[in-house]
Amino acid sequence: MDVATLRACIVSTIDANTDTRRQAELTLKSAEEQPGFINALLDILQTEQNNGTRLSTVVYLKNRITRGWPPQEENVLHKSIPENERASFRDRLLPLIAASSPMIRGQLIPILQTILNHDFPAKWPTFMDVTLQLLNTNDAASVLAGLQCLLSICRTYRFKAGETRADLDKIVTVAFPPLLNLGNKLVGENSSEAGEMLRLVVKCYKHAIYYELPVPLRGQQETVGWCTLFLQVISKTLPASMMPEDVDEREKNHWWKSKKWCYANLNRLFVRYGNPASLSKNQDKEYGDYPKLFLSTFAPEILNGYLREIEKWVGGDYWLSKPALSFTLVFLEESVKPRAMWDSLKPHMDSLIAHLIFPLLCPTDEDIELFSDDPPEYLHRKLNFYEEVSAPDMAATNFLIALTKSRKKQTFAILSFVNTIVTKYESAPDDQKSPREKEGALRMISSLASVILGKKSPVADQVEYFFVRHVFPEFRSPHGFLRARACNTLEQFEELEFKDPENLMVIYRNILESMADPELPVRVMASLALQPLIRHEVIKNAVRSNIPQIMHQLLKLANEVDVDALANVMEDFVEVFSEQLTPFAVALSEQLRETYLRIVRDLLERNESKALANGGDGGEYGDYLDDKSIAALGVLQTIGTLILTLEASPDVLAHLETILMPVITVTLESKLYDLYNEVFEIVDSCTFASKSISDTMWHAFELMHKTFKDGAELYLEDMLPALENFVSYGQDRLIAHPPYLAAMAGMVRDIFSDPKVGGVDRICGCRLAEAIMLNLRGHVDNYVPTFIEFAMTVLAGPSSKTLVKSYKIHLMEMVINAIYYNPLLAMRVLETKGWTNKFFSIWFGNIDNFKRVHDKKLCVAAISSLLTLRADQVPTSVQTGWPRLLTGVTHLFRTLPAAVKQREEAIKTNNDFDGVSDYDDEDDDDDAAEDWTGVEDADWDNAATATAGDDGGDVKDESQAYLDFLKSEAEKFSSLQDSDDDDSVMDEDSLLETPLDKLEPYGMFRDSLLRLQQEQPPLYDSLTKILEPADQQLLQGVIQEAEIRSIAAQQTHEQQANAAQATAAAPQASPTKIGP
């Protein structure tokens, strides 16, 4: 490839003229798959002087390597780079990295990473030799490049386990001793370049130990060397040049990043490998004595190093980054559990609570500024705690929770401290009160709610008084953040049982007033606090009378800020107060629609801006699961709940369908994939609740079908409940309007024709075909042969032996449904294709696998239909085996009663499930009872009780116990998969309604058998004479059961008719006469 021509083309891609740029990009796109493209780009990088051209070149190179280096079978969309070009490219890459500027090197490293992921070590055995050569030079640029190469290979092995890490052990053995020596040299320097190199050294170690601890790093000498380096970096006082005024810039400094990763490495060693209580059984065996050695020797030194840093920070004039504080608190949290570490930490607790934890929980200047200037961001930080797990205040909260759960008597020290703060605030003159301290104290006690209100807690009965005295007044605080904190504290103590009903009403009145507060965070926190309060009957009754106004306020809030928790509140209220909201359902649905459309407009604008920023690339699926998507999701769920509450109000429901069509339309037409499931559920709810299909919903079906055809085949599972409703309740329209029926059947065809669709989606296709055949009997003759062909092509194909059981059963039932629909038509199709004998062999060979009531009824119905065929209509290929029909049906009737009983129990369990409360954590409660022993009469004002009898041993690591439990469950599940016992998949739809629910199998079979006996005696004799006496007796019992059921049904019908006549003939009640 001509390098000069290629360079000119790249230069043109940054030309000011749009047409020139577009033409150059098209030329490059064509050239990138030509031989020599990647090495020609390297030629340009080595000689080019213009920075813009070099940057454009390296970006094109990175994109080509990313798309073309993986094997062709892994990336069918792009042409793979020829093998004969790869070796020379690898040889040239590392020297180029060493010689490049930081900006270009930043683009070359991802290229290196991609190649290592695919080629090391087999195709690039010299990589480590070149890397070590770079590390051992005296040239700073070469050493830096060597560190980046070593980091890339460590990153390659980051998540690999077992034998796949053997090569990493070799790398660590040869590269980490010189790496440690380099780190020890760098820690004594102060330059930015030294800081960057040290960051890479520390990160190499981070990636190497992330998943497993390499064998070469388990020795005592190696651990001493590395831990000493990390502690030296952490304690290093940096020069003023490394302390920019802007805190965010300071945290990005290489030296502070080095400190951050040193903290991370020490924490990783302790939490994952150095605490025996946190190890799994396999890890315990793998690491031997290392955890005990670490816990006794290294962990205490690390703790002391961390405490020294905290002491300097507390003393003032010493800055610690947010990651440094957070990692410190995580280490302290882990140190609470082992007895040996707790003994070292315990003497420092009072100081840590007062001077570390409490200040971190008090609002900062940034918090106060956000509250006033950017309330949505304030709420985002305070409510989306899962995104803020690295924030020091969240780490402090987690530490308090772990401390009080593991060492419960420490709760008293904290409560005593909190009481001191709030009492001081209460007694101070207004101009001397510290609202920030009050906020910190309330936040502190809120984090302990689960412990304070736990079973056998000696202080639970004192909480109400605390609320009256110290929380209620803050509803009237002049400081908005304190009013918000009062609401939040109330929410955190949602399990508190108030003894005085008047206090509940005080809370309710304050919450309602707070929902109208001028400050947005207060309004949101008040709304969230109201949700758990409705468990109190007195508040539920009060809310009931105000629910329209409350819902209006919630919707107004939802339009002001995207907080998904607000949608949860609305959904809960719609469900609980459905009766009161029914008269306002139309107005409520209109407001919900407008809220949703507003969020979607914002979402689409944001996506469009992102696409423009990416040069027209809209991004990959999953990019848009952010606050707005989640908020939109919540609104859709509230709409769905509202619809289900209106099942008894068909007129209102019909109005709602019209109101909500824009919601369905904009979601599907805008391809908002994340919201598809909820929109399909809305269509499902509308059609199911009304038990009919309106013109509006048929328009929704058209949109769903278009969405399916436009590439949403993989969403058929989400669509299926709604589609089944269209078939069940829209039979007349489907029959009268063939295009709708063709569209429905076409979806079955497409799902079986699409090669990228898997078994689960094809099961949905089977179910849709079943719904069509069961509901449209006599009207889909044209489609039945196609359904049979889809199923038999798979059942009789080469993959039949490897089919998952549930998929196989659904395929068989597709054909069985066709037989029940029209036995003569189905047999003709099977016989024409030569599948008849094959199918009956599969069917009756798997008769034991039809376990659901639905399966058994369907098989009985199909066999009963086959018994109506004349002898000359039975294909020759199965005449010999025809008597097996009765053998099969006897098995079905023999097992049907047990299946019915199991279904009834499943229905009962399903109905009872809503009434089952969350599980009680009995183990926690037992621990609580033990830990509280001896302090039953404690008062949280009395700090002396804080140290009473706190002599507990090691605390079991709950997270590891949970991981062990999950592993054991996964092993059980794996064994189930190995045995091909996937009945659970079949159970998922065992409670769904189908026309077969109304079918009475005993009577149907009896009628078919008697008809056979009367009309075709020879065929009847040939079928029955081979039956075993037990089977003959069972069939006789089936006929008797059919008679019993027929008589019972007739009696029921007569009773209902008589009751209706009596009601009609009864005289109307006349008004009662008053007086003479």
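The points below concern local features and helix packing in a predicted model.

1. Helix α8 and residue S142. Helix α8 spans residues 140-156 and includes S142. With a relative accessible area of 14%, S142 is buried, because this value falls under the 20% cut-off. The side chain of S142 forms a polar contact with the side chain of D139, at 2.8 Å. Once neighbours within four places in sequence are set aside, the contacts of S142 are A98, L134 and T137.

2. Packing of α8 on α9. Helix α9 covers residues 166-186, and its axis comes within 12 Å of that of α8, with a crossing of roughly 135°. Helix α8 is therefore oblique to α9. The crossing of these two helices is left-handed. On the α8 side the contact is formed by V143, L147, L150, I153 and C154, and on the α9 side by I171, A175, F176, L179 and L182. By class, the residues of this contact comprise 10 nonpolar, no polar and no charged.

3. Packing of α33 on α34. Helix α33 (residues 627-644) packs with helix α34 (residues 650-669) at an angle of about 165°, and the two axes lie 12 Å apart. The pair is therefore roughly antiparallel. As for handedness, α33 and α34 cross in a left-handed manner. Residues L636, I639, L642 and I643 of α33 meet L653, L656, L660 and V663 of α34. This contact divides into 8 nonpolar, no polar and no charged residues.

4. Residue L566. Helix α30 runs over residues 564-576 and contains L566. The relative accessible area of L566 is 1%, so the residue is buried. Beyond residues up to four places away in sequence, L566 touches V524, S527, L528, L554, L557, A558 and V561. Although L566 and V635 are 69 residues apart along the chain, their C-alpha atoms are separated by 8.9 Å.

5. Residue L1019. This leucine lies in helix α52, which extends over residues 1017-1024. L1019 has a relative accessible area of 13% and is therefore buried. Its contacts, leaving aside neighbours within four places in sequence, are L869, A871, W882 and L1012. From C-alpha to C-alpha, L1019 and P883 are 9.2 Å apart in space, with a sequence separation of 136 residues.

6. Backbone geometry at F120 and P121. Most residues other than glycine have a negative phi, and most peptide bonds are trans. The peptide bond that joins F120 and P121 is cis, with omega about 0°. P121 is located in the loop between α6 (102-119) and α7 (127-135).

7. Positive phi at D317. Although D317 is not a glycine, its phi is positive, at about 60°. The residue is placed in the loop that connects α15 (290-315) and α16 (322-335). D317 has a relative accessible area of 90% and is exposed, because the value is over 50%.

8. Positive phi at K456. K456, a residue other than glycine, likewise has a positive phi, near 65°. Its position is in the loop between α24 (449-452) and α25 (463-471). The relative accessibility of K456 is 63%, so this residue counts as exposed.

Terms used
Residues numbered from 1 in each chain as written. Predicted model: local features only at pLDDT ≥ 70, side-chain atom pairs only at ≥ 80, totals over all residues. Heavy atoms only, no water. Helix = DSSP H or I, 4+ residues; strand = E, 2+ residues; numbered from the N terminus. Buried < 20%, exposed > 50% of the residue type's maximum accessible area, 1.4 Å probe, protein only. Polar contact = N/O pair within 3.5 Å; in protein donor to acceptor, adjacent residues only side chain to side chain. Contact = heavy atoms within 4.5 Å. Axes fitted to C-alpha atoms, helices over the stretch in contact; angles between N-to-C directions. Parallel < 35°, antiparallel > 145°, perpendicular 65-115°, else oblique. Left-handed = near helix turned anticlockwise from the far one by under 90°. Nonpolar A, V, L, I, M, F, W, Y, C, P; charged D, E, K, R; others polar.
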